[in-house]
Amino acid sequence: MAITLSENVIELLRNRESKKVLATVDKNGIPNVSFKGSITVNEEGKIELIELLETSQTNKNLTYSLWFDKTVAISVWGEGGTEYEIKGIPRKVHIDGPYYEKKYVESLERNPINDISGVWIIEPTEVRNQTYAERKKEQDEKYPIIGHLDKDRKL
Amino acid sequence: MATKVENWREKEAGIDEIFEKYPEIPKIIILKTDVHRRGYVLSEKAERLLEEGNYQSEADTIFGEKLGAKKIPIGLTFRDGTSLIGGYRSNEGIRDHYVIDAIDGKFYVTDNGNVYEEVDFWKEPDFYHKKTSKGTPMGEVVNVRPQRLNFAISRVCHFWDTPGEGCKYCYVGINGIEATKKNIPALYDYDEIAESVAEAIKQQGRFSMIMVTTGSILTGKKVFDDEVDEIIKAFEKVKPIFNRKDLKVQLIGSAYDKEQLIRLKEATGIIGYTADLEVANKEAFEWICPGKAKHVGYEEWKKRLYDAVEVFGRGNVNTGIVGGVETAQPNGFSSEEEALKAVLSEAEELAQHGVSVAYIVWGICGIFKDQVPPSLDYYIALAKGLDEISRKYGLEAYFDDYRRCGNHPNTDLGRI
């Protein structure tokens, strides 16, 4: 089910300095990961990314996910170690039309060898805060049994 | 007058049953295929929405279309970028049409109260209403798909010069006869084509390929010599527009012999070559395409495709078939199962020689105007079977895929 991304996640995804990785699977379940600097959030609150290569495994896997309602995952890592995982389902790809052409021109301005395949729109379905300090705190509170005894030793 | 299939919903597996029967085939491709097979109309709301937007209308080209006052949709795009070419009022009166409705400012495919998929109509390119130096609207010289420019050499197919020799499913031949009666020149003006192409490709990101086609020209020292000459003449005008020797062009032409193929490739620089066999069965081909059978022959047509692989390279040659036309009556297959088996067997032989097969859904017209296209089940089994053959022989079809053509359910499946 579609969710609304919080402002801090949107900000992190829109920040060009953030590191962003997209994980997809193919029709046989074989995973593929790829850095995707173009990942951002559009005005409708959906995740958007530009796929440059028509023949890439990512492009095939995004198509597969759109066709069969399969989930993809994005990891975004920003300043101070802030990290989120966002899951979502590709719902649309622009391969023509004014919006595609706008993105095409912008892409050429960044690098004249670019020739984009599509602008993918992913509907977010789940967000997890993966920032280490926060995940560690959460784990320690929820599962006090986990962890090594030497750290609990009275000094 | 179309042949209506009475109570067809009771006689055939419906789309929801086909979704269940083929879980490995994406629903969008099944829907696209069925919308093509049954055709579509617009609700009043959708008609109004279409008029409001910058959507492309049909144009006057080899395919018999005309820019008019009212917008006539030329094609649809689905969420996955897949196109549907034509389909508006196609196969009318045979089975019920789908209805494209407007809901919250967007277009949706609907049928019998069910809302299936959001779609959009093709946007009009910037050059479309500009005029050539001779005053012709460029959209009537070169027409377009979402990512492709199309132009033609001859609007007349000379297989139709001898009564009874035209391909029975075809309307291009009939349109050519009409054009001749109106004293419209058989050949397009290559200067106007070059001007229109040059203007069209100024729009950044709009076009990724050119498709060139032609009605067959039988004259010359050998059959098709004059056709090859005309294509070369057209490219003498078009080639200087580009900064490279090999051009992102697919030629859909007649089946040329090896000398003609080499001459054509060297002179034009085109990358992709298609010679449509149309009917993948010898007996059905000879009945349905008597002109092709007489002037070239079924086995020779295939041999020329194999020669083309040597000239253009593996992956750059394919052949189109009119999916389902092999079931035309009275001489076609009466059993869909037997028809499918026969077509896939031929497709496998072609693939063994490096030639892939792309099918289109049969749009009923021409001499076959009273025929009935087969079931949706047949079309999906055909798409699946052809895709499996392409994978088995490692034949990729980028020059005829969802982006560059969009008219072939089986090459759509090749995307993943």
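Q: What share of the 155 residues in chain A is buried?
A: A residue counts as buried if 20 or more other C-beta atoms, placed from the backbone, lie within 10 Å of its own. In chain A, buried residues make up 27% of the 155 residues. This is a predicted model, in which local features need pLDDT of at least 70 and side-chain atom pairs count only at pLDDT 80 or more, while totals for chains, interfaces and linings use all residues. Residues are numbered from 1 along each chain as its sequence is written, and chains are lettered from A and ligands numbered from 1 in the order in which they are written.

Q: Which pattern does chain A follow along the sequence?
A: Helices (H or I, at least four residues) and strands (E, at least two) are DSSP runs, numbered from the N terminus. Chain A has 4 helices and 7 strands, and the pattern read along its sequence is α-β-β-β-β-α-β-β-α-β-α.

Q: How many residues of chain A are in contact with chain B?
A: Two residues are in contact if their C-beta atoms, placed from the backbone, lie within 7 Å. Here 19 residues of chain A are in contact with 15 residues of chain B; on the side of chain A that touches chain B, helix H2 (57-68), strand E6 (83-94) and helix H3 (98-110) each supply at least two residues, and the largest share, 6 residues, comes from H2(A).

Q: What ipTM does the predictor give the complex?
A: The predictor gives the complex an ipTM of 0.94, together with a pTM of 0.95.

Methods: Buried ≥ 20, exposed ≤ 12 C-beta atoms within 10 Å, placed from the backbone.
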